[in-house]
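Please look at the sequence and the structure shown below before reading on. The report that comes after them is written for a reader who is new to protein structure.

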Protein chains: 2
Amino acid sequence: MQDLDEFTATDAALAQMAATPDPRLKEIADAAVRHLHAFVRDVNLTPAEWLTGIAFLTQVGKACTPVRQEFILLSDVLGVSAVVNALHDKKARELGTQSSLLGPFYREGAPELELGACIARHPSSAQIVLYGQVTDNDGAPLPHALVQVWQTSEHGLYDLQAADHENMDLRANFRCDAEGRYHFRTVRPLGYPIPMDGPVGQMVRAQNRHGFRPAHIHFLIGAEGHRELVTALYFGDDDHIDSDTVFGVSGSLVVTAAEDPKSPVPGLKAVHFDFRLARAVEGEMGRVGADPARLAAE
Amino acid sequence: MQDLDEFTATDAALAQMAATPDPRLKEIADAAVRHLHAFVRDVNLTPAEWLTGIAFLTQVGKACTPVRQEFILLSDVLGVSAVVNALHDKKARELGTQSSLLGPFYREGAPELELGACIARHPSSAQIVLYGQVTDNDGAPLPHALVQVWQTSEHGLYDLQAADHENMDLRANFRCDAEGRYHFRTVRPLGYPIPMDGPVGQMVRAQNRHGFRPAHIHFLIGAEGHRELVTALYFGDDDHIDSDTVFGVSGSLVVTAAEDPKSPVPGLKAVHFDFRLARAVEGEMGRVGADPARLAAE
């Protein structure tokens, strides 16, 4: 009976997991154990700090509901999601539009609207138009691609954050035309802080971070035989464009609403953006992010 | 606007946390980010695997109740608690009895019994007696030290796992006499698997681990001016004495119930164990482990 010290405890844990039948589970669990143990040793974590960590993770779990995924938020603000996505994009580099975070506000079953419709039910600021084409990676149009969009209002809130959140707003699904073209009207979204009323918000405040995401519009685009594209367009004139709390901005996704003679709705400022979808790889999942409802279900 | 790759995302996350006012929080969060990101890179974590991880942590959070702390269990089976405790013991080496895991079955408010009482309400196997002395580190008795004990029954269950779990059983608090002596009767506990019906149990099964802890009796011992001692005595003849699923056994805590002419209850097999308490260090907490009720409370 050998007493375990802070190093042999790692060996003992790895030895106990050595018979894991699934080699990938073994690889991931081994790495998790090695990094967790090294983390504890690096900072010389005290029992009281360990307990604070346990309580924090428990609160994060408790904050998860059918419409809120606090663990995804934690992964996002620690930059973990960004690393997962960077690795994913590396495999797919130069294969289609850059992706971005799905975020916790995606909802299934948004209304399918006609091309050109306005997705804001009660716009109180000037409307803008977004338009472009969905193509494959060689620029060939993807007819009738499905374009799902969702965003905050001009006041910085998603419909899920409104009192009457049963009513969907500021989101819609569009079917592209036979040339893969889409266009719709909306209001310019406002940037917003991540949910600050939970344990993750508490952590972000304790780190003196502003907690804001720059203004953006989410897209989830699908076409048969192609990789589902989860992305977002970011407004370049937002104060937080270079300090997104969840590290979701990429240079190639930054846009501006501007006068545009080619706008399909003359008189409105326009954002022109063409999306390129890579070919599907069998059994592969798009990008990190999740339907909170599915995750939160018991 | 620089695009983040899997390495610069780490720099960006550290940069955003650079203004954290509490230096210790900064140190811990920095190390957590570095190790989490390195873990993701080491195993090249895919979006689907990331999502599995999010779902797993969410389920661990949901499994936490007022009487069950699944995050502590996760920390235990991954050996993280053992590392925290090893670091803690290193500071206190040769300063008192070796400590061990508190575990999730501690309850406050156990009945205070007279010295010599039996803590099992319905013993169905031979009783044994535990006895010894609580002293400081120089061997000077600690009069009236408080000895809290709890254990599984001869069938391997804690009272909290019984149908009538409102009634406390197999646990008690004892006041030592004026020489710091204690003795009480009980049944020999049976080893038991960790709770296998939750997400952590599922993981342990997927790792082909037996999930068992060797038979043991928990102790939480306090005396004014001394470090609270959280420990346990392990029965050396248990099949799992060398493969404890939560890495809690230390050689110095292994005991056997044997014939003992000095036993305070003649005719019963006895375990003789003297506990040594180190001097308290101001503001310090004993050891990892927690009152699940406090953690689970919203």
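## The model and its numbering

This is a predicted model, in which local features need pLDDT of at least 70 and side-chain atom pairs count only at pLDDT 80 or more, while totals for chains, interfaces and linings use all residues. Residues are numbered from 1 along each chain as its sequence is written, and chains are lettered from A and ligands numbered from 1 in the order in which they are written.

## How the two chains meet

In this model, 80 residues of chain A are in contact with 81 residues of chain B, where contact means that the C-beta atoms of two residues, placed from the backbone, lie within 7 Å. On the side of chain A that touches chain B, at least two residues each come from helix H1 (8-16), helix H2 (23-43), helix H3 (47-62), helix H4 (70-77), helix H5 (80-91) and helix H7 (292-296) of chain A, and the largest share, 16 residues, is supplied by H2(A). Helices (H or I, at least four residues) and strands (E, at least two) are DSSP runs, numbered from the N terminus. The residues of this side of chain A divide into 48 nonpolar, 18 polar and 14 charged, with Ala, Val, Leu, Ile, Met, Phe, Trp, Tyr, Cys and Pro counted as nonpolar, Asp, Glu, Lys and Arg as charged, and the others, Gly among them, as polar.

Chain A is superposed on chain B by a rotation of 180° with 0.0 Å of shift along its axis (RMSD 0.1 Å), and the two copies are thus related as by a two-fold rotation axis. The superposition is made by least squares on the C-alpha atoms of residues with pLDDT of at least 70 in both copies. Of the residues of chain A, Gly61(A) comes closest to this axis, with its C-alpha at 2.0 Å. Because 100% of the interface residues of chain A are also interface residues in chain B, the copies meet through the same surface.

## Two helices of chain B

Helix H5 (residues 80-91) of chain B has 12 residues, which at 1.5 Å a residue should span 16 Å, and this agrees with the 17 Å between its end C-alpha atoms; the expected span is 1.5 Å times one less than the number of residues. Since 10 of the 12 residues of H5(B) are buried, this helix is largely enclosed by the rest of the structure. A residue is buried if 20 or more other C-beta atoms, placed from the backbone, lie within 10 Å of its own, exposed if 12 or fewer do, and partly exposed in between. The cover over the buried residues of H5(B) includes H1, H2 and H3 of chain A together with helix H4 (70-77) of chain B.

In H2(B), the buried residues include Ile28(B), Leu36(B) and Phe39(B), and the buried residues of this helix pack against H2, H3 and H5 of chain A together with helix H1 (8-16) of chain B. Just after H2(B), Asn44(B) takes a positive phi of about 50°.

## The sheets

In chain A, 5 strands form an open sheet in the order E3-E2-E7-E8-E9, with mixed pairing; two strands pair if DSSP finds at least two bridges between them. Strand E3 (171-175) and strand E9 (254-255) of chain A stand at the edges, each with a single partner strand, so one side of each has no neighbour in the sheet. Strand E8 (residues 229-235) of chain A runs parallel to E9(A) and is joined to it by 2 bridges, and Tyr234(A) stands opposite Val254(A) in E9(A).

Chain B likewise has an open sheet of 5 strands in the order E3-E2-E7-E8-E9, with mixed pairing. In this chain, Phe235(B) stands opposite Val255(B) in E9(B).
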